[in-house]
Amino acid sequence: QVQLVESGGGLVQAGGSLRVSCAASGRTFSAYAMGWFRQAPGKDREFVAAISGSGLSETYAASVKGRFAMARDNAKNTVYLQMNSLKPEDSAVYYCAGRTYSRVTTYLNDYSYWGQGTQVTVSK
């Protein structure tokens with residue numbers, strides 16, 4: 001069983017930056033592809049970014065490409081999402097997710113493990 005714990009959310013002004021982190025339990029972290037999803041009030045949970053187990057492959061939603069960057073440190077069992085040039089529409093609860101395969105995927109149902117979420121609020 002893998003447990004995921006997010007941290008680093010908060011309130012930031014539009015145009016600012018924020019980094020959220022996700023710490024994972026387990027001894028085979030490098031075998032898991034990891035993803036970030038977000039959910040705003042009244043909206044479906046949507047894909048943001050994903051990274052392969054090795055960290056060599058990444059993919060991003062069109063809405064965040066060029067502004068967000070995902071990275072992982074397998075020695076620390078941690079993934080990060082660096083968010084730059086934040087916009088009010090980026091406000092949401094951000095969830096970390098993991099899957100028991102190394103390949104990246106953008107599909108929510110492909111992920112078996114989920115964190116509790118961390119709130120990111122971007123003010124105008």
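## Strands, loops and contacts in a predicted model

Student: Leaving aside its neighbours within four places in sequence, with which residues is A92 in contact?
Tutor: This is a predicted model, and a contact in it means heavy atoms within 4.5 Å. A92 lies in strand 9, residues 92-99. Beyond four places in sequence, the residues in contact with A92 are R38, Q39, A40, T118, Q119 and V120.

Student: Is A92 buried or exposed?
Tutor: Buried means under 20% relative accessible area, and exposed means over 50%. The relative accessible area of A92 is 2%, so A92 is buried.

Student: How far apart are the C-alpha atoms of A92 and P41?
Tutor: A92 is in strand 9. Along the chain, A92 and P41 are 51 residues apart. The separation of their C-alpha atoms is 7.3 Å.

Student: In what order do the elements of the protein run from the N terminus on?
Tutor: The secondary structure has zero helices and 11 strands. From the N terminus on, the elements therefore read as strands, and the order is β-β-β-β-β-β-β-β-β-β-β.

Student: What radius of gyration does the protein have, against that of a compact globule?
Tutor: The C-alpha trace spans about 40 × 25 × 25 Å along its principal axes. With 124 residues, a compact globule would have a radius of gyration near 14 Å. The value for the protein agrees with this, at 13 Å.

Student: What share of the contacts with a separation of 6 or more comes from residues 24 or more positions apart?
Tutor: Buried residues make up 46% of the 124 residues. Of the contacts with a separation of 6 or more, the share from residues 24 or more positions apart is 60%.

Student: How far apart do the centres of the positive and negative side chains lie?
Tutor: The protein exposes about 6500 Å², of which carbon and sulfur atoms supply 47%. There are 13 positive and 8 negative side chains. The centres of these two sets lie apart by 3 Å.

Student: Which residue's backbone nitrogen does the side chain of S52 reach at 3.3 Å?
Tutor: S52 sits in the loop between strand 5 (46-51) and strand 6 (58-60). At 6% relative accessibility, S52 counts as buried. Beyond four places in sequence, S52 is in contact with Y32, A33, S57, R72, S102 and V104. The backbone nitrogen reached by its side chain at 3.3 Å belongs to L56.

Student: What is the length of the polar contact that joins the side chains of S17 and N84?
Tutor: S17 is in the loop between strand 2 (10-13) and strand 3 (18-24), and at 40% relative accessibility S17 counts as partly exposed. S17 and N84 are 67 residues apart in sequence, but 4.4 Å apart from C-alpha to C-alpha. Among the residues S17 touches are V12, Q82, N84 and L86. The side chains of S17 and N84 are joined by a polar contact of 2.9 Å.

Student: With the side chain of which residue does the side chain of R67 make a polar contact?
Tutor: R67 is in the loop between strand 6 and strand 7 (68-73). R67 has a relative accessible area of 12%, so R67 is buried. Not counting residues up to four places away, R67 touches Q82, M83, N84, S85, L86, K87 and D90. The polar contact, at 2.8 Å, is with the side chain of D90.

Student: What value near which phi of S85 lies is positive in a residue other than glycine?
Tutor: S85 lies in the loop between strand 8 and strand 9. S85 has a relative accessible area of 41%, so S85 is partly exposed. Phi of S85 is positive although S85 is a residue other than glycine, with a value near 50 degrees.

Student: What is the phi of N77?
Tutor: N77 lies in the loop between strand 7 and strand 8 (78-83). N77 is buried, with a relative accessible area of 16%. N77 is not a glycine, yet its phi is positive, at about 55 degrees.

Student: Which residues does V12 touch, not counting residues up to four places away in sequence?
Tutor: V12 is in strand 2 and is buried, with a relative accessible area of 13%. V12 and P88, 76 residues apart in sequence, are 9.3 Å apart from C-alpha to C-alpha. Beyond four places in sequence, V12 touches S17, L86, T121, V122 and S123.

Conventions
Residues are numbered from 1 along each chain as its sequence is written. This is a predicted model: local features need pLDDT of at least 70, side-chain atom pairs count only at pLDDT 80 or more; totals for chains, interfaces and linings use all residues. Side-chain values use heavy atoms; hydrogens and water are left out. Helices (H or I, at least four residues) and strands (E, at least two) are DSSP runs, numbered from the N terminus. The radius of gyration is taken over C-alpha atoms; the globule rule is 2.2 Å times the number of residues to the power 0.38. Buried means under 20% relative accessible area, exposed over 50%, partly exposed in between (1.4 Å probe, protein chains only). Accessible areas come from the Shrake-Rupley method with a 1.4 Å probe; for residues, only the protein chains shown count as cover. Lys and Arg count as positive and Asp and Glu as negative; His and the chain ends are not counted. The place of a charge is taken as NZ of Lys, CZ of Arg, CG of Asp or CD of Glu. A polar contact is a pair of N or O atoms within 3.5 Å; within protein, one must be able to donate a hydrogen and the other to accept it, and residues adjacent in sequence count only if both atoms are side-chain atoms.
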